[in-house]
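My entries are given below in the order in which I made them.

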Amino acid sequence: MKHLFTTLVAFLALVPLWGQTSLRGKVVSEDEQKSISGAVITLGNQNISAFTNENGEFQFLFITAGDEEVIVEAEGYVATVELVQIEADKVNEMEPIMLKSDIAQETKDEVLLNIADQDLVDDEGSSQEQSSITSSSKDVFNTLTSWSWSTARYRNRGYSQTYETNYIEGLSFNSAERGQFNFSAMGGLNDASRYKETTNAIEATNFSFGGLGNATNYLMNATRYAQGWKVGLAGTNRNYKAAVRATYASGLLNNGWAFAGQLAFRGSPYINKKGIIGEGISYESFGYFFTAEKIWNEHHRLGLITFGAPTSRGQNSALTQEVYDLTNQYNKTQWGWNNYNPYWGYHNGEMRNSRIVHSYDPTVIATYKYKIDNHQLLNIALGGHYSFYSNSALNYYNAPDPRPDYFRNL
């Protein structure tokens, strides 16, 4: 009788699996064979995604059988695509997916954020174009062009940024006044803005109706970040000389809470006297990010997100060939750029820049998610956002303009 009862229990446990099509696997690093947690696994044909757990494992339930493209993306690794044949009414097991380390990823992210910082260069801040860091996606063309052509202010399909929609946890963050998203608000917060969903043009998405340009949704709730510490230090000869970042995520604790945060600093200890982009360039940027999430059960979860990046930077001027010739400072390097910048000089013996930009966009978002069933999710988000931008310049009090490139001095 005891054996009969045990057999009956095992049979009842297996009944829900009958008729269910599922896919599961594991993601590991190619060099060290270590499990990769927090990797994003996407079924390309069905447009659904999942994250790997602490052991690098993932699973999809109730999916459609047939040929499928399994897209695997993880921070610090080269993305890959696996082609699989999903058989109906069974648990499909994949071989371990091995990812190669991407040693250039941090450099790419850093340059892309620098480009986003430099987009706001005129008095009104209206010259900001498409952000390369958000235009990268699973689409191969967009991924390559957004990086390679970003310095030329590449526009996807020719559309300006007003045709792109940007969300944070499902809440629209395009400016109501300018119609654009301020990417500098997250300057330096690479890890905080790492996870996102991106769709190209008018495609089906679970967070918006799409648009003529890309639609991007940043995923920032605390449970999305892999548990542990990450500290980074970088040096550059561009806008600033050093960058320091520290990121920590607690993972889901036993009490249902999860926390994650990042601090970042980018700047130069003193004015960049001989920078690649011009002389007399100063730069200081401090970024902060914090998110907390409480999960009561599988149906209810509440989240809080806040971030900001107060930044101060000196500017450089666009010059003509006449100024290059008169100053005789043409820098014949491999880039062929000129380092001369007429916006800097000495004031009371101290080097300073005559035009300084200050920007700061503190943001706070509260989210509530209610899982109605396996096919329906109610997402409620309430956010507060304050935008501060100033562009100052010296006033000469009716005295002659001392800049060497002033037209009366040429």
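The entries that follow go from the chain as a whole to single residues.

**Basis.** I worked from a predicted model, in which local features need pLDDT of at least 70 and side-chain atom pairs count only at pLDDT 80 or more, while totals for chains, interfaces and linings use all residues. I numbered residues from 1 along each chain as its sequence is written, and side-chain values use heavy atoms, with hydrogens and water left out.

**Chain overview.** I found five helices and 24 strands in the chain; helices (H or I, at least four residues) and strands (E, at least two) are DSSP runs, numbered from the N terminus. Of the 410 residues, 43% count as buried. I took buried as under 20% relative accessible area, exposed as over 50%, and partly exposed as in between (1.4 Å probe, protein chains only). The accessible surface comes to about 22600 Å², and 55% of it belongs to carbon and sulfur atoms; these areas come from the Shrake-Rupley method with a 1.4 Å probe, and for residues only the protein chains shown count as cover. Among contacts between residues at least 6 apart in sequence, 61% join residues at least 24 apart, contact meaning heavy atoms within 4.5 Å.

**Nonpolar cores.** I next asked which members of the largest nonpolar core touch the most other members. Of its 22 residues, they are Ile168, Tyr218, Met220, Tyr225, Phe289 and Phe307. Strands β15 (257–267) and β17 (300–308) each supply at least two residues of this core. Another core, of 18 residues, lies apart from it and includes Ala39, Phe60, Val84 and Ile86. A core here is a set of buried Ala, Val, Leu, Ile, Met, Phe, Trp, Tyr and Cys residues joined through side-chain atoms within 4.5 Å. I then listed the contacts of Phe307 beyond four places in sequence; among them are Ile168, Met220, Phe289 and Pro362.

**Nonpolar surface patch.** I noted that Leu233, Val244, Leu263, Phe265 and Phe286 form a nonpolar patch on the surface, with about 490 Å² of accessible area together. Patches are made of residues with over 30% relative accessible area and no salt bridge, like charges being joined within 9 Å and nonpolar side chains (Val, Leu, Ile, Met, Phe, Trp, Tyr) within 5 Å. Phe286 is found in strand β16 (residues 283–295) and is partly exposed, at 38% relative accessible area.

**Strand pairing.** I counted two strands as paired if DSSP finds at least two bridges between them. An open sheet of four strands has the order β10-β9-β12-β11, with mixed pairing. Its edges are β10 (171–172) and β11 (196–199); each has a single partner strand, so one side of each is left without a neighbour in the sheet. Strands β9 (residues 165–168) and β12 (residues 215–218) run parallel and are joined by four bridges, and Tyr167 has Asn217 in β12 as its bridge partner.

Elsewhere, β2 (residues 40–43) pairs with β5 (residues 66–73) in the antiparallel sense over four bridges. Strand β5 also pairs with β6 (residues 80–86), again antiparallel, over seven bridges. The two form a hairpin with six residues between them, and Gly76 in the turn has a positive phi of about 85 degrees.

**A buried glycine.** Is Gly251 buried or exposed? At 9% relative accessibility, Gly251 counts as buried, although it lies in the loop between β14 (242–249) and β15. Gly251 and Gln227 are 24 residues apart in sequence and 4.7 Å apart in space, C-alpha to C-alpha.

**Salt bridges.** My search of the whole structure found nine salt bridges, each being a side-chain nitrogen of Lys or Arg within 4 Å of a carboxyl oxygen of Asp or Glu. In one of them, Glu93 pairs with Arg24, the closest N and O atoms being 2.4 Å apart. Glu93 lies in β7 (residues 91–93) and Arg24 in β1 (residues 22–29), so the pair ties together parts 69 residues apart in sequence.

The side chains of Glu75 and Lys230 meet in another (2.0 Å, N to O). Here Glu75 is in the loop between β5 and β6 and Lys230 is in β13 (residues 228–235), 155 residues apart. Both belong to a network of salt bridges linking Glu75, Asp191, Arg194 and Lys230.

I also recorded the pair Glu293 and Arg301, with closest N and O atoms 3.3 Å apart. Glu293 is buried at 2% relative accessibility, whereas Arg301 is partly exposed at 30%.
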